[in-house]
Amino acid sequence: MADANAVATPSTESDPDADALTIGDYTLTSRLMIGSSGYPNPQVMLDAITASGADMVTVAIRRVNVENPAPESHLDLLKRGGHTILPNTAGCYTAREAVLVANLAREALDTDLIKLEVIGDDETLMPDVEQLLKAAKTLVDDGFTVLAYANDDPITCRKLADLGCAAVMPLGAPIGSGMGIVNPYNLRIIREILPDTPLIVDAGIGTASDAAQAMELGYDGILLNTAIAEAQHPVDMARAIRHALKGGRLAYRAGRIPRRRYAKASSPEKGRVGQ
């Protein structure tokens with residue numbers, strides 16, 4: 001099943017832009033994952049997804065009829081477009097709810113993928129760590145490919161990785177806030193302690209520069225929705241974020257110069273006129 005969704009990619013040695021992302025048994029040509037809610041209409045959603053270049057699109061299972069989608073439902077449109085569907089457990093407040101929704105998604109969509117969200121309250125929409133870890137263990141043990149949405153807490157992220165989550169997804173800022181990367185220090189620590197775990201910044205991205213910053217921190221990808229769906233011109237924003245993400249990734253791979261307190265001349269001192 002997973003192999004049918006995998007995308008073959010060329011070597012990065014021949015094409016530096018062909019920098020595939022592997023999560024579990026899935027290989028994605030794009031490091032941008034995109035949501036499917038909040039768009040002005042379905043056509044804008046489809047156009048924005050195309051402009052973003054994203055392979056994987058996330059869908060809130062509690063908000064769609066997965067067993068019998070209407071012919072023009074978002075889920076049906078995404079399936080016909082050939083996108084890899086990443087069902088999520090948005091709206092779940094307990095591990096039990098999240099596991100039930102994940103099993104419904106697996107049965108209805110024939111996929112082992114699940115973006116695990118377990119939220120603590122309606123005001124902050126921050127993850128409930130206790131319930132999140134409980135649900136993650138159950139789903140991993142049951143054979144799911146779990147992408148776990150988490151706080152920007154290094155300890156929680158390490159525990160999720162130790163449980164066997166295929167990807168860990170610390171937030172950049174609260175869901176839908178558009179605040180960008182509010183705690184780059186924690187995100188950098190998470191990257192350092194989990195060098196081999198796919199890490200995705202999920203939530204808080206507001207514009208292209210936020211996406212570039214996340215990638216420059218060494219993250220493997222980004223998942224976002226509101227930044228594109230609620231932009232004044234969603235398709236243009238999708239295109240901007242697509243390019244920013246690639247730029248940030250290339251900058252990280254290139255290696256930035258160290259920050260210095262004082263100037264350092266770029267021209268050599270030796271051989272200067274007048275010496």
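Predicted model: local features only at pLDDT ≥ 70, side-chain atom pairs only at ≥ 80, totals over all residues.

Colleague: How many residues line the second largest pocket, and which lie nearest its centre?

Modeller: The lining has 13 residues. Nearest the centre are Arg 188, Glu 216, Leu 217, Arg 256 and Arg 259.

Colleague: How much space lies in the second largest pocket?

Modeller: About 380 Å³.

Colleague: Which helices supply the lining of that second largest pocket?

Modeller: Helix H7 (184-193), H8 and H10 each supply at least two residues. H7 gives the most, with 5 residues.

Colleague: Let's switch to packing. How do the axes of H8 and H10 cross?

Modeller: H8 covers residues 208-216 and H10 covers residues 234-254. Their axes come within 7 Å and cross at roughly 25 degrees. An angle under 35 degrees counts as roughly parallel, so H8 is roughly parallel to H10.

Colleague: Left-handed or right-handed, where H8 passes H10?

Modeller: H8 passes H10 in a right-handed crossing.

Colleague: Which residues make the contact between H8 and H10?

Modeller: From H8, Ala 208, Ala 211, Ala 212, Met 215 and Glu 216. From H10, Met 237, Ala 240, Ile 241, Ala 244, Leu 245, Gly 248, Arg 249, Ala 251 and Tyr 252. By class, that contact has 11 nonpolar, 1 polar and 2 charged residues. Glu 216 of H8 is in this contact, and Glu 216 is also one of the residues nearest the centre of the second largest pocket.

Colleague: Back to H7. What are the distance and angle between the axes of H6 and H7?

Modeller: The axes of H6 (residues 154-163) and H7 come within 9 Å and cross at roughly 30 degrees. That angle makes H6 roughly parallel to H7. The crossing is right-handed.

Colleague: Which residues meet there, between H6 and H7?

Modeller: Pro 154, Cys 157 and Arg 158 come from H6. H7 brings Asn 186, Ile 189, Ile 190 and Ile 193. The contact of H6 with H7 has 5 nonpolar, 1 polar and 1 charged residue.

Colleague: And H5 with H6, how do their axes run?

Modeller: H5 spans residues 129-141. The axes of H5 and H6 come within 9 Å and cross at roughly 15 degrees. H5 is therefore roughly parallel to H6. The H5 and H6 crossing is right-handed.

Colleague: What residues of H5 and H6 meet?

Modeller: On H5, Val 129, Leu 132, Leu 133, Ala 136, Lys 137 and Val 140. On H6, Thr 156, Lys 159, Leu 160 and Leu 163. This contact of H5 with H6 divides into 7 nonpolar, 1 polar and 2 charged residues.

Terms used
Residues numbered from 1 in each chain as written. Heavy atoms only, no water. Axes fitted to C-alpha atoms, helices over the stretch in contact; angles between N-to-C directions. Helix = DSSP H or I, 4+ residues; strand = E, 2+ residues; numbered from the N terminus. Parallel < 35°, antiparallel > 145°, perpendicular 65-115°, else oblique. Left-handed = near helix turned anticlockwise from the far one by under 90°. Contact = heavy atoms within 4.5 Å. Nonpolar A, V, L, I, M, F, W, Y, C, P; charged D, E, K, R; others polar. 1 Å grid on protein atoms, 1.4 Å probe; cavity = no way out; pocket = protein on both sides within 12 Å on 5 of 7 lines; lining within 4 Å. Points joined across faces, edges and corners; volume = space filled by probe spheres on them.
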